[in-house]
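Hi there,

Here is the structure I promised to hand over. Have a look at it first, and my notes follow below.

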Amino acid sequence: MPHYLKIEALRMLRNKRFIIFVVAFPLAFYLLYANLYGDQTDQSTGTRAAVILMVSMGAYGALAASIMSTAVPWAQERHSGWLRQLQITPLPNWMIIAVKLLSALVLVLPALLLVVLAAVLTQHVSLSAGQWAALIPAMWVGTIPFAALGLAIGSLTRPDTAQPIAMIGMFGLALLGGLWFPVDMLPSAMQTIARALPSYDYASIGWEIVAGRTPPGSSVAALAGWAVALGGLAVFAYRRATVRA
Amino acid sequence: MNAISLAGVRKSYGEVLAVDGLDLTMEPGRTVALLGPNGAGKSTTINMLLGLTRPTAGEVRVFGRTPDDAVAAGDVGAMLQEGTLIPELTVRELVDFVRRLYPDPLPLTELLRVTGLTDLASRRADRLSGGQAQRVRFALAIAGSPRLLVLDEPTAAMDVESRRTFWQDMRAYAAEGRTVLFATHYLEEADENSDRVIVIARGQVVADGTAAQIKADAGGTSVEFFLGAQPAARLDALPGVTGVTILSGRATLRTTDTDATVAALYRATTLEISDLRIHGADLEDAFLALTRPSEA
Ligand SMILES: Nc1ncnc2c1ncn2[C@@H]1O[C@H](COP(=O)(O)OP(=O)(O)OP(=O)(O)O)[C@@H](O)[C@H]1O
Ligand SMILES: [Mg+2]
């Protein structure tokens, strides 16, 4: 299983599209935005924009990594016959989806940590040890609902439909969840939708931590609820996609 | 214990009966060819043996177990009719990954060597030619050193030279006491590389035996000569003869025993025979005769 995990992670890191969308994009936008607005401060909390942007772009990178490493590759594997090749080896069925989920989590790390590193090095962002210790694990484990969503998409669609659906899902969650601009800037009807999305809860947990506050239980509970719901959907879809008829 | 047994196996896809009542057993250590035209049910049969497809009726056993259990135990390796590799991984990474999934695999260097992949080991899968990719898929099939190797039209993308090397590799693998089942449309492939040929058509077994037996069953060889205006009576009573046709003075005798027929032709008749020719059993004809839908 560790070897399978390594192989899965390795292949995504060799994929140009993945590196561009997931690692280069958030890093480049962080550097750009932090340069333009980094020194402004948030009136309500007094947090520097460079810190808030670190959370936003880190969240975008992590979200993108978890969806991009799952939906399309998995749809392709099912379609191209690679899944069947695996099914005729002693590899148990459940391990395939378990490794997919774990490798998505592993692949979240470079996207997330590079943005954090850029924030520390270029914007001299500094947080207390307790804040770091809460922020990084929360933003890491918080991607589980998105990885589950990606796996569900990969199980339910063909590669050519998985591609646009994954893209729409990824950018939709990022934009509406307030990762690219504050949710407050949206019309009020859209705000209601935006606040109901898992990406909003996910990023909010990070924003609250860097503002020095304890994230509200409602956000944590909502994100956990999404993880359970989307995880259930992913398992159901996986079973359906791998059933032998 | 049989390597493979199929008892009353059927598989239907809606209206289509892909496999229509197969009863087969295969002893371990043999190489068996599954020969049949497009749509005969070869892949369906193979997929049922591998547990990828469930039979509609009947029972499939691999080394006395269900296909799923045999696969889980690492007893089975296969090259499916269609399949691609993971484009971003190298040949070595792919082969090593699959071999590690098996309890008792072949050593990596040996595996790369016997499949002729040593020089391609660092090449990414998306930069392989069609024939090279087939070779990698063969390496994946034997990586776990399985007791049963199943190959579904393995030489489809290969040129003549690659085919020859491929069959040599396959025979070397089989020589170590393993059981091999391969599907093919190529008649000579079945003839040259197996010790038993099972011909299937429309989901049923239409012939089963050695390639020589199959040729004989389907009419065997023919003896042709110039008869001219001589009477053709009693030619059909000669030993081995199964059919007689006479066309513009030339007689063609279909026979199951060329030697006996020719000997009797000279010794037991008073005919003036000239321009005698013997046509070797054409496996192609045999195959077509066997798999053609019977004219009712
Ligand atoms: N998934 C499926 N759904 C519907 N029909 C199918 C399916 N798979 C196979 N068939 C039908 O079952 C029959 C047998 O197909 P199969 O693939 O086993 O043939 P084959 O002998 O392997 O042919 P080929 O030499 O072309 O590979 C065909 O008529 C085919 O159309
Ligand atoms: Mg086939």
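Helices (H or I, at least four residues) and strands (E, at least two) are DSSP runs, numbered from the N terminus.

Some ground rules before the rest. This is a predicted model, in which local features need pLDDT of at least 70 and side-chain atom pairs count only at pLDDT 80 or more, while totals for chains, interfaces and linings use all residues. Residues are numbered from 1 along each chain as its sequence is written, chains are lettered from A and ligands numbered from 1 in the order in which they are written, and side-chain values use heavy atoms, with hydrogens and water left out.

**Annotated spans and domains**

UniProt positions are given in the numbering used here, feature names are shortened, and annotations may be inferred rather than shown by experiment. Residues 220-238 of chain A are also 100% helix and 0% strand, with their end C-alpha atoms 26 Å apart. The feature "domain: ABC-2 type transporter transmembrane" is placed by UniProt (unreviewed entry) at residues 6-199 of chain A. That span is 78% helix and 0% strand, and 28 Å separates its end C-alpha atoms.

For chain B, the domain assignment gives domain 1 (4-215) and domain 2 (220-280); such bounds come from an automatic or database domain assignment. The C-alpha centres of these two domains of chain B lie 43 Å apart.

**The magnesium ion**

Which protein atoms are the donors of the magnesium ion (ligand 2)? They are B:Ser43 (OG) and B:Gln81 (OE1), at 1.9 to 2.2 Å from the ion. B:Ser43 belongs to helix α1 (residues 42-49) of chain B and B:Gln81 to the loop between β5 (76-79) and α3 (91-99) of chain B, so the pair ties together parts that are 38 residues apart in sequence. Donors here are N, O and S atoms within 2.8 Å of the metal (3.2 Å for Na, K and Ca), and water is not among the atoms, so sites may look incomplete. B:Gln81 is partly exposed, at 37% relative accessible area. The classes are buried for under 20% relative accessible area, exposed for over 50%, and partly exposed in between (1.4 Å probe, protein chains only).

**Salt bridges**

A salt bridge is a side-chain nitrogen of Lys or Arg within 4 Å of a carboxyl oxygen of Asp or Glu. By this rule there are 26 salt bridges over all chains.

- A:Glu77 and A:Arg11 pair at 2.5 Å, N to O. A:Glu77 sits in helix α4 (residues 71-80) of chain A and A:Arg11 in helix α1 (residues 2-13) of chain A, so the pair ties together parts that are 66 residues apart in sequence. A:Glu77 is buried at 2% relative accessibility, and A:Arg11 is buried at 4%.
- B:Asp208 and B:Arg196 have their closest N and O atoms 2.8 Å apart. This pair links strand β9 (residues 204-209) and strand β8 (residues 196-201) of chain B, 12 residues apart. B:Asp208 is partly exposed at 36%, whereas B:Arg196 is buried at 12%.
- B:Asp275 and B:Arg250 come to 3.0 Å between their closest N and O atoms. Salt bridges that share partners also join A:Glu8, A:Arg11, A:Glu77, A:Lys100 and B:Glu88 into one network.

**Backbone angles**

Most residues other than glycine have a negative phi. A:His124, not a glycine, has a positive phi of about 50°; A:His124 is in the loop between α6 and α7 (129-141) of chain A and is exposed at 61%. B:Glu153 has a positive phi of about 45°; B:Glu153 lies in the loop between β6 (148-152) and α6 (160-175) of chain B and is buried at 14%.
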